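Me: I have a structure open and I'd like to learn how to read it. Could you walk me through some features, one at a time?

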Amino acid sequence: MKNYQKVIAVLMCCVLAVGLIPVMAAPATQATSGKLVAITFDDGPGAYTEQLLDGLAARGAKATFFLVGNRISSRLSTVQRMVREGHQIGNHSYSHPDLTTLSSASVSTELTRTRQLLVQAGGSQTYALRPPYGSHNATVRSNAGGPVILWSVDTLDWQSRNANAVYNKIINETRDGSIVLLHDIYSTSVQGALRGIDTLKQQGYEFVTVNELLRRRGITPQNGQVYTCAYNKGINLPAADAAKAPTYTTKNVFGGKQITLSCATQGATIYYTTDGSAPDESSTRYRGAFVLGQTARLRAVAYTAAGRGAELDVTLTLSKSPAPTASYANGMITLTAAKGTVLYYTTDTTVPTDKSACYKSPVKVNKRLNVLVTASGMADRIVNYTVTKYGDLLTDVPAGAWYYEAVGEAMHRGIMKGTGKQLFDPEGQVTRAMFVTALYRMSPDADNTFAAPTFTDVPKNTWYTDAVAWAQAKGIVKGMTKTQYQPDGDITREQMCAILHRYMKVYGHTLPRTKRPAFKDAADIAGWAKKDVSAMYEMGLINGMGGGVFAPAAGATRAQCAKLLVDLTLKIETV
Ligand code: ZN
């Protein structure tokens, strides 16, 4: 809801609560059987048009705006608001010439240019013409592209520029079925018109668009025909019915469900939301089928001349198609599609679409190459398969990632294992149990057993018990306290340095050191870890976090851990 709508809503609530103003409280049925008037504004949009729209909205009055094309683009949002709020827009030429002085081709150009701008705001439909100065001839009428709408009440507002004079003209000359001529480029016209509306509403007048006036008087407007009024000659149809709730159909397409909305009520405009919020005329206007990519609540409502209709409210469930099963052997990836799915793939790292190659038989992939696979069904997923240097198939380690090589080595050497079927979880945080386990696996003692650890928070027979036992026996870990190892705590960067440095000392590994500048946050490094951090840093095993910062208390991801341990392993081997 826009701010002005909120203000209006608040004002209307106050008015209704007090209940003293009959204009607002008048039941709609009384008005529909009563008198009709079409108030029209030419030459806009202008500086006072938004103010006029506020006033019309507050009064529940509809109007018709005959717009000058060359004024539209600078105030397009105002024109869109007219449409959104149920007013009628029409053609008042592009540059306001007397059309009877122009050639047929020039008339056509004047009217077509504006019509194209009206379509932008109001969609493809027939737009009525009000020729400038009301001046028309056979050439103008044959180029009109819609009915020619003149007027029966001329307020002469452009001449008087006086709100009282405008008001008096409106209330004195309007009769049931009048079309009233005004210009919303004058503040005085806007003031006079709004006061006139208040008075005429008290007299039982309903303010409708020109189209609605003609319809309710049983008139079907014809292109090129001139209308000046629609007096009550015995035909007085009721107001349009409130719109029925929109209905929807779905179709499975690549990327999700394609939704088509429709409304059984003719001339209804549909607005919708997919985020659960209540739809209104400021929501997305439905202009054609759209695709929902995930489960969503679809709410839609149609508006007609009668206002807001009933609402559609439905939750559309989209279940992702299961990923295929995949295996790798001899340079080929073999996929087995889940039931009801179709697989497309690319082998060049581009994102596959349903235009890509369709999977029929095992695909040859280069070592270290991404294979992208998608399943198409109710909805789709893209699975990125990567083959490591050693033939492990992974779906969460892109071939281009900085840790791709390290992950392949870490898995191949048994230092780290995957976290699930074809998963490595590179962004997962490394715990103290995970780090010491990885180190144990890469140590020469991985097959040996040691006395049970004395930490009370390390139970017997967990996956990390042997590793903690080894590390404690070798003096590589000391625990957070004498009795606590805190196996589930995230390892910090300074802890990693300390543990790794002790590991190297225990096994007699050393690497050449290069003096490097101190970290800006060196003071944050714990006293017990300072030497270890310096050593690991100067041996090139661990780097800063960028900007000269070490971030000693930050954690480490599995990808970082793999890189660190693999780097150490490879460097030790080449020393
Ligand atoms: Zn004009």
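Reply: Happy to. Let's begin with a helix and ask what it hides: in α17 the buried residues are Arg558, Ala559, Cys561, Ala562, Leu564, Leu565, Val566, Asp567, Leu568 and Thr569. Keep in mind throughout that this is a predicted model.

Me: What covers the buried residues of α17?

Reply: The cover includes α12 (404-412), α13 (432-442) and α15. As for its dimensions, α17 runs over residues 558-574, 17 residues in total. From first C-alpha to last it reaches 24 Å, close to the 24 Å expected at 1.5 Å a residue.

Me: How far can I trust the model, going by pLDDT?

Reply: The general idea is that where pLDDT is low, the predicted coordinates should not be read in detail. Here the protein chain averages 88, and 92% of the residues score at least 70. Residues 1-32 are another matter: pLDDT stays under 50 there, and the model has 30 contacts beyond four places in sequence for that stretch.

Me: Now the aromatics. How many aromatic pairs are there?

Reply: A pair of aromatic rings is described by the distance of the centres and the angle of the planes. The count for this structure comes to 14 aromatic pairs. Take Tyr272 and Tyr286: their ring centres are 6.3 Å apart and their planes stand at 70°, so this pair is edge-to-face. The cut-off you need is that planes over 60 degrees apart count as edge-to-face.

Me: Where do Tyr272 and Tyr286 lie?

Reply: Tyr272 is in strand β11 (residues 269-273), while Tyr286 is in the loop between β12 (284-285) and β13 (290-292). The pair therefore ties together parts that are 14 residues apart in sequence.

Me: And are those two buried or exposed?

Reply: Tyr272 is buried, with a relative accessible area of 12%. Tyr286 is buried too, at 15%.

Me: What about the pair Phe519 and Tyr537: what do the centres and planes say?

Reply: The ring centres of Phe519 and Tyr537 are 4.3 Å apart and the planes are at 40°, so this one is tilted. It links distant parts of the chain, with Phe519 in the loop between α15 (493-506) and α16 (530-538) and Tyr537 in helix α16, 18 residues apart. Both Phe519 and Tyr537 are buried.

Me: Which residues form an aromatic cluster?

Reply: Tyr440, Trp470, Tyr503 and Tyr507 form one cluster. Arg175 lies over the face of Tyr231, at 3.7 Å from the ring centre. In another case, the charged end of Arg195 sits over the ring of Tyr167, 4.4 Å from its centre.

Me: Let me try Thr265 for practice. Where is it found?

Reply: Thr265 is in the loop between β10 (256-262) and β11. At 15% relative accessibility, Thr265 counts as buried. A polar atom of its side chain lies 2.8 Å from the backbone nitrogen of Lys244. Not counting residues up to four places away in sequence, Thr265 touches Asp241, Ala242, Ala243, Lys244 and Thr304.

Me: How do sequence and space compare for Thr265 and Ala245?

Reply: Thr265 and Ala245 are 20 residues apart along the chain, with their C-alpha atoms separated by 8.6 Å. Leu316 belongs to strand β15 (residues 307-316) and counts as buried at 5% relative accessibility. Beyond four places in sequence, the residues Leu316 touches include Tyr248, Ile259 and Leu298.

How values were computed. Residues numbered from 1 in each chain as written. Predicted model: local features only at pLDDT ≥ 70, side-chain atom pairs only at ≥ 80, totals over all residues. Heavy atoms only, no water. Phe/Tyr/Trp six-rings, centres within 6.5 Å; stacked < 30°, edge-to-face > 60°. Helix = DSSP H or I, 4+ residues; strand = E, 2+ residues; numbered from the N terminus. Buried < 20%, exposed > 50% of the residue type's maximum accessible area, 1.4 Å probe, protein only. Lys NZ or Arg CZ within 6 Å of the ring centre and 35° of its normal. pLDDT = per-residue confidence, 0-100. Contact = heavy atoms within 4.5 Å. Expected span 1.5 Å × (residues − 1). Polar contact = N/O pair within 3.5 Å; in protein donor to acceptor, adjacent residues only side chain to side chain.
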